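I opened my notebook to look through one structure, piece by piece. Here is what I looked up.

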Amino acid sequence: AGAAKGYANSVFIPIGTGIAAALIIDGEIRSADGFAGEIGHLDVGGNTPCVCGKFGCLETEASAAAISKKYGGGKSAEEVLNLARSGDQKAKVIVDDSVEFIARGCEVLATVLGPEAIIFGGGLAQSSDLLIEPLKVNLDQKLTFQRKMELKTAKFGVLAGTIGCSMLAFDLVNS
């Protein structure tokens, strides 16, 4: 029903307090008994410690919580994005670094899964000018032989995950 409609192979990535992924492969949601989709713990080359015990996990480098924490001063990720948009250099560096880390995660997904589309949800996805557009440029430079997927924002915005869970629950109850 959302932005992934019509794609047999896609990934939904909500970027909020954390980062995860819902995998749609050959038209089916795949979970590997709940172990698949933990892309928030991909090592993307950063140096921030993660609760999982590693360093440089995607979630600790590019989630909304990470952006807020890196800027400091109690600023929310949305406020940091607005500061970047208005020319604040510290905010711009943080946002640009986050895009680079997300691109590294998407490169792994492109190489391993070959999705036709990656759909971003969560509050950060609403800032397409600071996320989707720079991410497209970054991935155009990174991807060589991999499928060049479409990058989209969730049709239902920040409610995408809630709507998806409701649809899944409805399907389970009626099967």
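**Surface patch**

I began with Leu-172, which lies in helix α6 (residues 160–173). Helices (H or I, at least four residues) and strands (E, at least two) are DSSP runs, numbered from the N terminus. This is a predicted model: local features need pLDDT of at least 70, side-chain atom pairs count only at pLDDT 80 or more, and totals for chains, interfaces and linings use all residues. Residues are numbered from 1 along each chain as its sequence is written, and side-chain values use heavy atoms, with hydrogens and water left out.

Is Leu-172 buried or exposed? Leu-172 is exposed, at a relative accessible area of 61%. Buried means under 20% relative accessible area, exposed over 50%, and partly exposed in between (1.4 Å probe, protein chains only).

Leu-172 forms a nonpolar surface patch with Ile-29 and Leu-168, with about 330 Å² of accessible area together. Like charges are joined within 9 Å, nonpolar side chains (Val, Leu, Ile, Met, Phe, Trp, Tyr) within 5 Å. Areas come from the Shrake-Rupley method with a 1.4 Å probe; for residues, only the protein chains shown count as cover.

**Cores**

Next I looked inside. The largest nonpolar core has 39 residues. Ile-13, Ile-102, Ile-118, Phe-120, Leu-131 and Leu-135 have the most contacts inside this core. A nonpolar core is a set of buried Ala, Val, Leu, Ile, Met, Phe, Trp, Tyr and Cys residues joined through side-chain atoms within 4.5 Å. Elements giving two or more residues include β1 (10–14), α4 (89–112) and α5 (132–142). Which element gives the most? It is α4, with ten residues. Another core, of seven residues, lies apart; Ala-3, Phe-12, Ala-154 and Ala-160 are among them.

**Helix α3**

I checked α3 and found Ala-77, Val-80, Leu-81 and Ala-84 buried. They cover an arc of only 100 degrees around the axis, so they sit on the same side of α3. The arc is that of the directions from the helix axis to the C-beta atoms.

**Positive phi**

Most residues other than glycine have a negative phi. Asp-26 is not a glycine, yet its phi is positive, near 50 degrees. I found Asp-26 in the loop between β2 (22–25) and β3. Asp-26 counts as exposed, at 58% relative accessibility.

Note on methods. Patch = residues over 30% accessible without salt bridge, like charges linked within 9 Å, V, L, I, M, F, W, Y side chains within 5 Å. Salt bridge = Lys/Arg side-chain N within 4 Å of Asp/Glu carboxyl O.
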